Amino acid sequence: MLDNNKFIDCILKIKGKEFPCHRLVLAACSSYFRAMFVSDLEESRKKEIDLEDVDPDVMEKILNYIYTSEIEITEKNVQDIFSVANMFQIPSIFTVCVSFLQKKLCLSNCLAIFRLGLMLDCPRLAISGRDFLCDRFNLITKDNEFYEVSPDELIAIISSDSLNIEKEEEVFEVVMKWAAKDKENRVKTLPVIFESIRFRLMPQDYIKNKVEKHELVKSSPEALKKLQMVKEAQGGKLPVIKKKKSGKSGKDKDGEKIANEALPGILNDTLRFGMFFKDLILMISDTGAVAYDPSANECFFASLSAQIPKNHVSLVTKENQIFVAGGLYYNEDNKDDPLSSFFLQFDHLDSDWLGMPPVPSARCLFGLGESENSIYLIGGKELKEGEQTLDSVLCYDRPKFEWKELAPMKTARSLFGAALHNSKIYIAAGVSDTGLTNTMEVYDIKANK
């Protein structure tokens with residue numbers, strides 16, 4: 001009907017482009033156009049309707065969907081289509097965009113999707129983004145982008161019961177880091193934000209020595225007042241809950257309706273999701289991973305996967321993140337040296353392995369360690385003709401998701417002992433190109449030598 005230009009009764013004009021349409025079709029799909037056409041506005045009588053703040057290419061896709069129920073949504077155009085669908089109140093496209101974004105949720109976009117859901121007043125999208133973020137809170141808070149959220153967005157995240165943390169102290173430290181980014185404007189919001197931190201789950205010594213003595217907390221008398229309430233509650237003295245008149249609850253002895261007030265939010269002591277976790281031993285092979293529960297003496301499958309290389313080294317970080325490196329990976333993006341090694345991270349929520357930036361040089365029999373948000377890959381043997389023993393040291397910057405090369409070892413070696421302590425990497429013994437070696441050396445991370 002649109003292609004044949006039959007029964008055209010309106011033309012949408014957007015930045016020089018014209019789109020012939022039918023009022024009935026637009027009104028049936030869009031509350032915005034329906035309200036426009038039945039109103040007393042000038043547009044209800046005009047054949048040509050000028051639309052501003054709309055990209056004509058995006059509008060063309062939306063009109064095509066209205067007439068054909070077909071639309072091509074990509075990661076590049078989804079936000080524009082979503083915004084225009086929201087502007088013109090087209091629920092069918094809105095739903096398609098939400099479903100697309102939910103399927104595309106990942107570490108790099110979950111915060112943006114959460115904020116987009118709030119901006120467009122879409123609870124379904126905002127909750128999906130927030131839940132994904134809360135499940136991976138320790139990872140997301142390593143990214144500087146997290147510390148650009150508004151106070152209301154921060155509260156929406158840290159007030160969630162599904163926050164995947166083991167200790168409430170982690171929430172406090174994240175909030176303080178967020179406040180330090182803009183002290184002048186953010187310190188005054190701390191008393192409200194503190195209502196979403198569950199201080200009663202923290203040890204009393206931590207509140208006394210870390211929270212109350214923090215520079216930003218000391219500068220806020222109202223925040224200190226709230227912390228005093230927490231200390232009293234930890235000592236067994238809860239505030240008296242007053243009753244107020246209401247039309248919802250029971251009646252008092254005089255027949256007046258009353259309702260109980262809840263405890264202040266700062267006294268919330270509900271455990272977070274991450275506080276119910278068990279300690280498990282994970283055994284990883286090239287066919288999958290098995291988890292062993294020592295307390296129950298039980299084993300169960302954690303993951304079935306063919307992604308894990310046979311020749312690999314595994315690492316558990318202090319945040320209980322599991323990484324595997326090794327094997328041979330052909331990196332098409334690197335034309336000069338396409339051979340590299342796999343680098344994977346275990347996603348315990350989906351029981352699957354996530355592909356991370358591959359190790360730049362293919363190797364085996366290397367050492368792997370972690371310190372200060374970085375993972376260090378040391379020495380080993382080349383997985384190339386000649387199998388040369390390597391002296392190189394690679395560092396994976398977890399916040400930046402990238403590898404870089406550091407100062408090499410004095411002696412190239414593989415199959416050695418390695419330990420990280422106080423920002424130093426200790427290397428002992430191993431196998432060099434000339435045979436066994438009993439030498440030791442130390443790498444200073446801060447000095448890069």
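Predicted model: local features only at pLDDT ≥ 70, side-chain atom pairs only at ≥ 80, totals over all residues.
Local features need pLDDT of at least 70 and side-chain atom pairs count only at pLDDT 80 or more, while totals for chains, interfaces and linings use all residues. Residues are numbered from 1 along each chain as its sequence is written, and side-chain values use heavy atoms, with hydrogens and water left out.

Helices α3 (residues 56-68) and α4 (residues 78-87) have axes that come within 10 Å and cross at roughly 70 degrees. Helices here are DSSP runs of H or I with at least four residues, strands are E runs of at least two, and both are numbered from the N terminus. Axes are lines fitted to C-alpha atoms over the stretch in contact, with angles from 0 to 180 degrees between N-to-C directions. The two helices α3 and α4 are therefore roughly perpendicular (65 to 115 degrees). V58, M59, K61 and I62 of α3 contact D80, I81, V84 and A85 of α4, where contact means heavy atoms within 4.5 Å.

α4 also packs against helix α5 (residues 91-103), at about 150 degrees with the axes 9 Å apart. That makes α4 and α5 roughly antiparallel (over 145 degrees). In α4, V78, I81, F82, A85 and N86 meet I93, F94, C97, V98, F100 and L101 of α5.

S432 lies in strand β21 (residues 431-432). Leaving aside neighbours within four places in sequence, S432 is in contact with T389, T411, A412 and R413.

Note on methods
Parallel < 35°, antiparallel > 145°, perpendicular 65-115°, else oblique.
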